[in-house]
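User: Hey, can you walk me through this one? I'm new to it.

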Amino acid sequence: MTSATTAEQASTASEAAEAIPVLRAQIDAMDEAIRHLVAERAKLSRRIQLARMNAGGTRVELGRERVILDAYREALGPQGPALADAVLQVCRGTR
């Protein structure tokens, strides 16, 4: 190994280490946006549930939930439905 190669590796490692806090800040911002979106989705879901019940229907529509699970699976792969289920549980409420 030459000293030039060692210097390049050290520079690359240093740059990578410096990038970590920046990248983590980006993830934190995305997580905040996701939390906000899920909270907004929960509000809309409660409005839909109330409207459906007032119209004589059920609070939860399982067919619609299957469509959502499938959409997450298609977009995110095999782990997608687990995320969709968590979102649905948050948005379903406790009634």
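User: How do α2 and α3 sit relative to each other?
Analyst: They're oblique to each other, a label for angles that are not under 35 degrees (roughly parallel), over 145 (roughly antiparallel) or 65 to 115 (roughly perpendicular). This is a predicted model, where local features need pLDDT of at least 70, side-chain atom pairs count only at pLDDT 80 or more, and totals for chains, interfaces and linings use all residues. Residues are numbered from 1 along each chain as its sequence is written, and side-chain values use heavy atoms, without hydrogens and water.

User: At roughly what angle do the axes of α2 and α3 cross?
Analyst: Roughly 140°, and the axes of α2 (residues 62-76) and α3 (residues 80-92) come within 7 Å.

User: Which residues of α2 make the contact?
Analyst: Glu65, Ile68, Leu69, Tyr72, Arg73 and Leu76 do (contact means heavy atoms within 4.5 Å). On the α3 side, Leu83, Val87 and Leu88 are among them.

User: Switching topic: what pLDDT does the protein chain average?
Analyst: The average is 92, with 94% of the residues scoring at least 70; pLDDT is the predictor's confidence in each residue, from 0 to 100.

User: Which element has the lowest mean pLDDT?
Analyst: Helix α1 (residues 3-54), at 91, while α2 has the highest, 97.

User: And how many salt bridges does the structure hold?
Analyst: There are 4 (a side-chain nitrogen of Lys or Arg within 4 Å of a carboxyl oxygen of Asp or Glu). One of them pairs Glu40 with Lys43, their closest N and O atoms 3.4 Å apart.

User: How are Glu40 and Lys43 placed in helix α1?
Analyst: They're 3 residues apart in α1, so about one helical turn separates them.

Conventions: Axes fitted to C-alpha atoms, helices over the stretch in contact; angles between N-to-C directions. Helix = DSSP H or I, 4+ residues; strand = E, 2+ residues; numbered from the N terminus.
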